[in-house]
Amino acid sequence: MSTSADQPIILYHYPGSPNSRRVVWYLALRGIPYIQCIQPRVLPRPDLARLGINYRRIPILSIGRDVYLDSRLILQKLEQLAPERPRLAADGTPEHRVIERLFEAFTMDAGFSRRIVQLMPSDLPMWSDPAFIEDRADLVGGRGLLTAEALAAARPEAINEVKNVFELLETTLLADGREWILGTEGPSLADIEAVWPLHWSTLIPRALPADHISAILFPRVFAWIERFQRAVSAAEKSFSEPQTVSGEQAAALMVTSAYNETEGQVDENDPVVQKQGLQKGQLVQFWPTDTGSGHKDSGRLVRINSKQVTIETVAGDTTVRVHAPRHGFRVVAHSQGGSDL
């Protein structure tokens with residue numbers, strides 16, 4: 001399986017991951033074939049260590065020998081592939097492009113996805129699984145937010161915040177009867193960015209209290225969620241199931257492929273580059289600044305600009321280029337990696 005550029009796409013994910021679901025939906029809606037490497041829900045993930053990657057969040061996607069971190073960057077890169085297939089990003093008015101980006105920022109940066117987590121009843125089985133709690137405490141930086149008491153205390157405010165989003169969509173963008181957020185003929189990237197946390201909330205047992213959030217109270221939003229799921233299901237049926245490979249097979253396929261991108265350069269006008277004197281080939285570290293920040297990746301600097309940073313990692317006989325977005329990530333010279341900057 002390969003892209004139009006004849007490079008294999010491998011998605012590292014696990015069933016049930018809400019952020020992975022965004023990428024799986026995108027691939028289905030655009031009809032882009034891919035290979036999947038299923039990962040455990042909790043650490044360790046030796047398949048990623050095999051690539052020299054410490055990053056702990058899912059999903060991760062590779063195109064050839066280029067590996068992309070963070071679902072936002074992944075979706076941006078997938079938009080650049082298969083130009084013969086209709087793309088999903090807004091290509092109409094500037095207002096549409098802004099709406100798409102604002103939904104991305106709202107769901108990913110403004111804490112709304114955290115509110116969905118706070119809707120989870122504290123008696124769900126996962127909250128009594130010590131391995132799961134330990135893993136997610138490492139992700140978010142402590143156990144304090146994951147106790148039954150903390151979840152129960154946060155739930156009323158979370159219900160109110162989520163209800164307000166349902167109400168906003170019901171009374172604004174969906175109020176005129178349109179099927180999709182931007183009034184397009186089919187689901188767009190804006191729909192993916194807006195729908196995924198709400199869709200996720202409908203899958204969590206007993207998360208949504210019917211007296212506050214229901215299809216009766218918000219019929220347009222619930223119809224939109226169901227319509228989106230039908231569109232994705234229909235798209236998934238239109239081409240074969242993704243091939244599933246082991247970590248060893250994925251790595252072997254990757255290292256025998258070409259790179260998806262050219263090396264690029266270090267932008268000498270970048271403020272971080274100027275401040276630290278970063279140079280191409282220098283050993284650097286980067287890591288996410290919100291969750292999973294204790295897991296830092298190191299490698300030789302290949303490229304850095306205002307949008308992304310790329311390093312080369314080496315693990316045994318495996319050499320790949322790892323890309324991260326600049327937004328939400330910190331980059332430092334390796335000697336500074338352990339300091340609190």
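Predicted model: local features only at pLDDT ≥ 70, side-chain atom pairs only at ≥ 80, totals over all residues.

**Starting at a strand pair**

Now widen the selection to the strands themselves: β1 and β2 run parallel, joined by four bridges.

Next, bring in β3. It pairs with β1 in the antiparallel sense, over four bridges; to see one of them, select I10 and its partner S62 in β3.

Stay on β1 a moment and colour by burial. Five of its five residues are buried. I9, L11 and H13 sit on one side, I10 and Y12 on the other, and both faces are covered. In a regular strand, side chains alternate between the two faces of the sheet.

Who's packing there? Select helix α10 (residues 247–255) and show its buried residues: G247, A250, A251 and M254. Look down the α10 axis and these residues fall within an arc of 95°, so they line one face of the helix. They pack against β1, β2 and β3, as well as α2 (46–49), β4 (66–69) and β9 (318–325).

Now jump to F166 and W224, which have the most contacts inside the largest nonpolar core, a set of 63 residues. Helix α8 (residues 189–203) gives this core its largest share, eight residues. Apart from it lies another core, of 32 residues, including L48, L69, V245 and M254.

Last stop: zoom in on F166 and show its contacts, among them L198, L208, F218 and F222.

Conventions:
Residues numbered from 1 in each chain as written. Heavy atoms only, no water. Buried < 20%, exposed > 50% of the residue type's maximum accessible area, 1.4 Å probe, protein only. Helix = DSSP H or I, 4+ residues; strand = E, 2+ residues; numbered from the N terminus. Arc of directions from axis to C-beta. Contact = heavy atoms within 4.5 Å. Core = buried A, V, L, I, M, F, W, Y, C linked by side-chain atoms within 4.5 Å. Pairing = 2+ DSSP bridges. Lists of a residue's contacts leave out its neighbours within four places in sequence.
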